[in-house]
Each structure stands twice: as C-alpha cells, then as structure tokens.
Amino acid sequence: MCDRTERFSDRAFSQILQLGKPIDKIHLHFSDRTPNNFSAIVQEYRRILDRLMVHPAFIEITDEELMQMSSKNPELRFERNADGSVVTMPPMGGLSGNREAKAGAYLLVYVERNDLGEVFGPTTGFRLSNTAVRSPDAAFVAKDRLPQNWRQQEDQFIAVAPDFVIEIRSISDSLTELKAKMQEYIENGVRLGWLIDCKNKTAFVYRADGSVTQYPESATLSGEDVVPGFTLAFQVFL
C-alpha cells in the first residue's frame, strides 16, 4: 500500500460525498500538480485511491458522512484517524483475504459455540473514545458490553471498543503503522490484540496492561482471559 498522503480542497472532497456517486466516477482536481498526459493522470489517481487522506483543516468528516462513503463504495474500506483525517484501503489480494476470512471464521465458531458475545468482520466500523473509527480484520465484543440497541443501528458505527482484535499485515502494509494502530486500540479500551506479521513470520500480542509479547511462527496464540479457551496456531496464517 502506498504511504503517500494527498490533500484535497473542499470542492474536490465534496464530490466524493455525493450520494450515488462512487469514487471511481469522480473527477478529482489536482490543481498545479496536474500531470500533462493521460497515463500520468491515471497513475496519480491510483496512488490517491491507494491511500486517501483528507487533512481536517480542509474538511471535517462526520460519522454519517463516513458511513455514506462506505455504503456508496463497498469495494473500499474507510477508517477515520483521531485527528479527523480519512484513510481508504483498496481491495486486497486473494491470500490476504483468505487470511482475514480464516481469522474471523475460527473466532466466530468458538465464540458462538461458547455463547461469549459477538464477532465482527473487517467491514465493521468501531468508534473509539478518541473519535477514531477503526475496522479490525476480526473483532470480538463480549455480550455484556454491546450496546442494547446495536442490532437496530445497522447504519451506525459501534460506539464501543472491541474486547479483542486481530490485525493481519498484508504485503504492502507498514509494520510501523500497524503497531501504532495496535497501541491505539489498547489505549482506547481494547483488552487484547493480535498483530499477525506473515511476512516476517512473527506475531505480536498486545495486552491491556501495556505489555507486548513477540511470538515465532511455531507458536499457538491464546485468547487468554479475554476469550477464555480460544487458541489458534500461527501456522493457520502461513
């Protein structure tokens, strides 16, 4: 994934928010940096879609607007940083998607079998206490912590931090950025987090007490006291 940051004017970004108008139909304005040939424009456009960030000094994105962007562009995943900037992630490759599916499936089967709560997939947005909206690759919320009316709020983000999250690094993801995201989870109420780095065959386990433990590919990871009894061999992801 490209690490490049792009800034847009209110006019350009307001187009993105228009109902019924997906991002791939938008004519973005590059101002004085507009490339002078079509090929360069296409390349520039793709780089923007790889990582779209809008600085809060230009425009503020509400929960409703972020949800609207997501619903009109289902092929993309959006998150909002605590500073108000918005990040979008393009569709992933087959292997990364398979790893995500496995993580969610194993967790879902265990949680439902033991009636522990609910499991959510990577398109679910959680609004953290620092106002960031995050979409972990897999997330678990204990049943006594879910808002009572969450089932009636299909068009709203879940306003609670998950108890447990799993993030899986794809080949283009920055490990530094993912580690920062895991730390943010913990600081905002997540009790346990797994960061799966398949590229380096390493797993990092983050806990509510601030400790971080690194595990090799031979390890079996545990849900510890957050998802009691749940275990998963690292080899599942390789």
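1. Let's begin with α5: its 13 residues reach 18 Å from the first C-alpha to the last, close to the 18 Å expected at 1.5 Å a residue. That expected span is 1.5 Å times one less than the number of residues in the helix. Helices here are DSSP runs of H or I with at least four residues, strands are runs of E with at least two, and both are numbered from the N terminus.

2. Before going on, a word on the ground rules. This is a predicted model, in which local features need pLDDT of at least 70 and side-chain atom pairs count only at pLDDT 80 or more, while totals for chains, interfaces and linings use all residues. Residues are numbered from 1 along each chain as its sequence is written, and side-chain values use heavy atoms, with hydrogens and water left out.

3. Now the overall picture. The protein chain has 5 helices and 12 strands. Of its 238 residues, 47% count as buried, where buried means under 20% relative accessible area, exposed over 50%, and partly exposed in between (1.4 Å probe, protein chains only). The chain exposes about 12,100 Å², with carbon and sulfur atoms supplying 50% of that area; accessible areas come from the Shrake-Rupley method with a 1.4 Å probe, and for residues only the protein chains shown count as cover. Taking contacts (heavy atoms within 4.5 Å) with a separation of 6 or more, 58% are between residues 24 or more positions apart.

4. Back to α5. What are its buried residues? They are Leu175, Leu178, Lys181, Met182, Glu184, Tyr185 and Ile186, and they pack against β1, β5, β7, β8 and β9. After the helix comes glycine 189, whose phi is positive, near 110°.

5. Helix α3 (residues 63-72) is worth a look too. Its buried residues are Asp63, Leu66, Met67 and Met69. Seen down the axis of α3, they fall within an arc of 160°, so they line one face of the helix. The arc is taken from the directions between the helix axis and the C-beta atoms.

6. β1 runs antiparallel to strand β2 (residues 86-89), and 4 bridges join them; two strands pair if DSSP finds at least two bridges between them. Arginine 80 stands opposite valine 86 in β2. The hairpin has 5 residues between the strands, and there glycine 84 takes a positive phi near 100°.

7. Salt bridges come next, meaning a side-chain nitrogen of Lys or Arg within 4 Å of a carboxyl oxygen of Asp or Glu. The count comes to 12. In one of them, arginine 80 meets aspartate 63, with the closest N and O atoms 2.8 Å apart. Arginine 80 lies in strand β1 (residues 77-80) and aspartate 63 in helix α3, so the pair ties together parts that are 17 residues apart in sequence. Both partners are buried.

8. Another salt bridge joins the side chains of arginine 134 and glutamate 79 (3.2 Å, N to O). Arginine 134 lies in strand β5 (residues 133-134) and glutamate 79 in strand β1, so this pair ties together parts 55 residues apart in sequence. Arginine 134 counts as buried at 7% relative accessibility, and glutamate 79 at 2%.

9. Arginine 169 forms a salt bridge with aspartate 197, the closest N and O atoms being 3.2 Å apart. Arginine 169 is in the loop between β7 (164-168) and α5 (175-187), aspartate 197 is in strand β8 (residues 192-197), and the two are 28 residues apart. Both are buried. Salt bridges that share partners also join Glu79, Arg134, Lys181 and Glu184 into one network.

10. There is also the hairpin of β9 and β10. Strand β9 (residues 202-207) pairs with strand β10 (residues 212-216) in the antiparallel sense over 5 bridges, and alanine 203 stands opposite tyrosine 215. The hairpin has 4 residues between its strands, and glycine 210 in the turn has a positive phi of about 95°.

11. Finally, two backbone angles to check. Most residues other than glycine have a negative phi. Threonine 131, in the loop between β4 (126-127) and β5, has a positive phi near 80° and counts as partly exposed at 41% relative accessibility. Lysine 201, in the loop between β8 and β9, has a positive phi near 50°.
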